[in-house]
Amino acid sequence: MSFTLPLSGLAPQDLNALHARINSWYLENRRDLPWRTGENSSWEVMVSEFMLQQTPVKRVLPVWEVWLDRWPTPADLAAEDSAEAVRAWGRLGYPRRALRLHAAAQAIVERHGGQVPSTYDELLDLPGVGSYTAAAISVFAFGNRATVIDTNIRRVHARLVSGRALPGPSLTAAETRLADELMPADTPTSCLWNVSVMELGALICTAKSPACASCPVADACAWVGAGKPEADYQPKGQAWAGTDRQLRGAMLGVLRAALAPVPSRLLTAPGQLDFVVPTELVPAVEKLQKLSPTSEQIERCYLGLVADGLAKEHSGGLISL
């Protein structure tokens, strides 16, 4: 089996063989994840897709389970205050996703009778749902034929077909065309293909230490065949220490721990408090104090939380989720 670009020159039987090998590998080696039981509600799948954005599976698992126990349907979440969604999101990161999921739940109730819509266009119209998430929910919750393209899938395609160590920094039209060309024609196989390639990228064709010896298609991989050339750019890791994201997270940690609105000075002057901090807030406030942010960064992050709807100001200089 070998690949040529464009794939229009590839014999159909070779492409079918590729699908069969990767799909078979997946069925034998897939992780046992609770949103992949085959009996999940569309809402359970939707919640998993929101939580898995830029977040490892091991961090998502416990939060997903607690979330679905508390809000098993969109209507359950929509009836709650958005602050509860942010609080339950915990330390998954990017807490605006919690607000967007809450807004999407409200839209599902208002526009779709409380049922997650099944078509790509209807899903894309929901708050916080982009092209990837709409395709993923459509495929994994409803079994529709759609092309799903995440980081893992892009990396497998880049190596297997294009012979590159890594895909480019951002998704290109050429990558999208390649993903479409690789899609099986029949719907059931296409759904399995999407999740199989994604799993191959997550477990075998990883970014830093690919396990090529365990890959079911290593013999057909253009990157392996080319001698595993280095990437033509150095991926930039996401900084954390000292960033606004770290400070915003620490501020939200204080608000999550609070049992009632707290003085805004807990966030804006954490090292200059002249009152006794409530016991339940001490660990979170101490964590915030250790960051020693500048006054400019504090103001920027505080105002950002309020502007993004992640925190609410009250009369008397109080603030809460």
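1. A salt bridge here is a side-chain nitrogen of Lys or Arg within 4 Å of a carboxyl oxygen of Asp or Glu. Asp308 and Arg96 meet this rule, with their closest N and O atoms 3.4 Å apart. Asp308 sits in the loop between α16 (295-307) and β2 (312-314) and Arg96 in helix α6, so the pair ties together parts 212 residues apart in sequence. Asp308 is partly exposed at 27% relative accessible area. Arg96 is partly exposed too, at 39%. For these classes, buried means under 20% relative accessible area, exposed over 50%, and partly exposed in between (1.4 Å probe, protein chains only).

2. On provenance: this is a predicted model, in which local features need pLDDT of at least 70, side-chain atom pairs count only at pLDDT 80 or more, and totals for chains, interfaces and linings use all residues. Residues are numbered from 1 along each chain as its sequence is written, and side-chain values use heavy atoms, leaving out hydrogens and water.

3. Overall layout. The protein has 16 helices and 3 strands. Helices (H or I, at least four residues) and strands (E, at least two) are DSSP runs, numbered from the N terminus. The C-alpha atoms fill a box of roughly 75 × 45 × 30 Å along the principal axes. Of the 321 residues, 44% are buried. Contact means heavy atoms within 4.5 Å. Among contacts with a separation of 6 or more, 63% are between residues 24 or more positions apart.

4. Surface and charge. Areas come from the Shrake-Rupley method with a 1.4 Å probe; for residues, only the protein chains shown count as cover. There are 30 positive and 33 negative charges, with mean positions 7 Å apart. Lys and Arg count as positive and Asp and Glu as negative; His and the chain ends are not counted. Each charge is placed at NZ of Lys, CZ of Arg, CG of Asp or CD of Glu.

5. Positive patch. Arg59, Arg91, Arg245 and Lys287 form a positive surface patch. Patch residues have over 30% relative accessible area and no salt bridge, and like charges are joined within 9 Å. Arg91 lies in the loop between α5 (82-89) and α6 (96-112). Arg91 is exposed, at 54% relative accessible area.

6. Helix α9 deserves a look. In α9 (residues 151-160), 9 of the 10 residues are buried, so the helix is largely enclosed by the rest of the structure. Among the buried residues are Ile153, Arg154, Val156 and Leu160. Their cover includes α1 (12-29), α10 (173-182), α11 (187-203) and α12 (222-225).

7. Glu175 and Arg154 form a salt bridge (2.8 Å, N to O). The pair links helix α10, which holds Glu175, to helix α9, which holds Arg154, 21 residues apart. Both Glu175 and Arg154 are buried.

8. Other salt bridges. The count comes to 13. Arg111 pairs with Asp125, the closest N and O atoms being 3.2 Å apart. Arg111 is in helix α6 and Asp125 in the loop between α7 (120-124) and α8, so the pair ties together parts 14 residues apart in sequence. Arg111 is partly exposed at 45%, while Asp125 is exposed at 52%.

9. Thr147. This residue is in the loop between α8 (131-142) and α9. Thr147 is partly exposed, at 23% relative accessibility. Beyond residues up to four places away in sequence, Thr147 touches Ala135, Ala179, Asp180, Met183 and Asn194.

Methods:
Patches are made of residues with over 30% relative accessible area and no salt bridge: like charges are joined within 9 Å, nonpolar side chains (Val, Leu, Ile, Met, Phe, Trp, Tyr) within 5 Å.
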